[in-house]
Amino acid sequence: MADMGYDVSDYCDVDPMFGTLADFDALVVEAHRLGLRVIIDQVLAHTSDRHEWFVESRSSRDNAKADWYVWADARPDGTPPNNWLSVFGGPAWEWDATRRQYYLHNFLASQPALNFHNEQVQEALLEVVRFWLDRGVDGIRLDTVNYYFQDRWLRSNPPRAEAAEGTIAENNTYLYQEHLFDKTRPENIDFLRRLRAVLDEAGERVAVGEIGDETRSLQTLNAYTSGGDKLNMCYTFDLLGPEFSAAHVRKCVEAFEVGAPDGWVCWAFSNHDVVRHVTRWTRPGGDPVAVAKFAAELLCCLRGSICLYQGEELGLQQAELAYEDLRDPVGIRFWPGNKGRDGCRTPMVWEQDAPNAGFSTGRPWLPIPLEHRRQAVDVQNGDVNSVLAHYRAMLAIRRSHPALVRGSIRFLDAMEDVLAFVREADGERLLCVFNFARQGRDWPLPAGLGPIEAVDFAGSGPALRDGYLSLPGLRAFIGQLP
């Protein structure tokens, strides 16, 4: 638990703090009875330094697993073999006094990187995936899927020529480099094909990849999801950053459509690594509820699969935590310049007045903010104007319109702050328009669209008038086209 479970010491068991394998099996059975699918995380790029593989690997230079991790000699002056940096700060190399070599860690020093150039490592990890598929899981989410391979010759990264966009804190030296040699290597493609073959053997299973790449995310997504022989879908960090505008969304989506025409994307606005999007995107003096509802409308209309992060459907904002409550090693190390990720990782709030907001009878890993309790599920359930009700309404619309699930997307020219596109599939055409401004906008309807019939959804307010679509601030419109 040095990195909240992303430092795995045993791939084929459940941490006792959460239960047993029998508990896991019971969970899968019950989920399937309820018509739910279960996807589990697979952290394959690295293990914990307590994993038996690493314990053996570091014991000598000639044991059976000596080459299972990325080891390298020091340079003549004792410094690391190259300039690679850790995402969590500092050099990506840690000196081991027993082997008298450095080992690679892209994250914490307690997370040594596996050597995917070793066929035995690949086979062992594929067996891990088979283990969970045999237990009935319906899919896997692959953590840091583009970090599996590193350059065979351990060449140093060049400095970055210009600032990178992304979600890594701007004060992190990791952004000073162009990460050409420590991740997103071409050898990864063949391993993903092997992984997909394992999934296909098990029947209808899905693989979702997390791509952490500051400059080549969409090209990588295309490479990893195209052709039907690798991953089913990937998500990137393109819409997980601070920028929130019509131009930015169009740029990201169009870049995907051009760069990954045969691929499939999973769009997300929030996750466990970034500040919650309601906090990121609500301007000073703005209305966070309006932002939450607007984001739900936009997400449900984008082409691709969508991912909702716990509490997003309640409109939760980033929690402000005291330093002594932190669990994330990033926040603990770099406070206060970087407060880490704990602010988005507080427990889900089910009942306002229950102990631990109904999440658990035990003590949760982080405190629950009072403002989150006020937005609990039981508070919002009876309110037709709540964020939760709005998410339910938007998801129902998405499910009932084939064009929103799998249709093509074509952008229309629009004024500043307005995003407009047409989704089309199975004979259905939908016009989707979004006003990112606080103020209302009257958008001239393009010629040739034909008559438009509004699709009703919770909180509608836009109106069609004499060739114009009148949009209040932070509001969306969905219309049926002939």
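Modeller: Asn 356 is in the loop between H9 and H10. This is a predicted model.

Colleague: What makes the phi of Asn 356 worth a remark?

Modeller: The phi of Asn 356 is positive, about 55 degrees, and the residue is not a glycine. Met 4 also has a positive phi of about 55 degrees, although it is not a glycine. Met 4 belongs to the segment before helix H1 (21-33).

Colleague: Why does Met 4 count as partly exposed?

Modeller: Its relative accessibility is 22%. Buried means under 20%, and exposed means over 50%. The value for Met 4 falls in between, so the residue is partly exposed.

Colleague: What makes the peptide bond from Trp 335 to Pro 336 cis?

Modeller: Its omega is near 0 degrees. Pro 336 sits in the loop between helix H9 (329-334) and helix H10 (370-373).

Colleague: Which residues have the most contacts inside the largest nonpolar core?

Modeller: Tyr 148 and Phe 434, in a core of 93 residues. Helix H3 (residues 119-134) gives the most to this core, with eight residues. Apart from it lies another core, of 13 residues, including Val 422 and Phe 477.

Colleague: How do you know what Tyr 148 touches?

Modeller: Contact means heavy atoms within 4.5 Å. Leaving out residues up to four places away in sequence, Tyr 148 touches Leu 44, Ala 45, Leu 114, Phe 116, Leu 142, Asp 143, Asn 188, Phe 191 and Leu 192.

Notes: Residues are numbered from 1 along each chain as its sequence is written. This is a predicted model: local features need pLDDT of at least 70, side-chain atom pairs count only at pLDDT 80 or more; totals for chains, interfaces and linings use all residues. Side-chain values use heavy atoms; hydrogens and water are left out. Helices (H or I, at least four residues) and strands (E, at least two) are DSSP runs, numbered from the N terminus. Buried means under 20% relative accessible area, exposed over 50%, partly exposed in between (1.4 Å probe, protein chains only). A nonpolar core is a set of buried Ala, Val, Leu, Ile, Met, Phe, Trp, Tyr and Cys residues joined through side-chain atoms within 4.5 Å.
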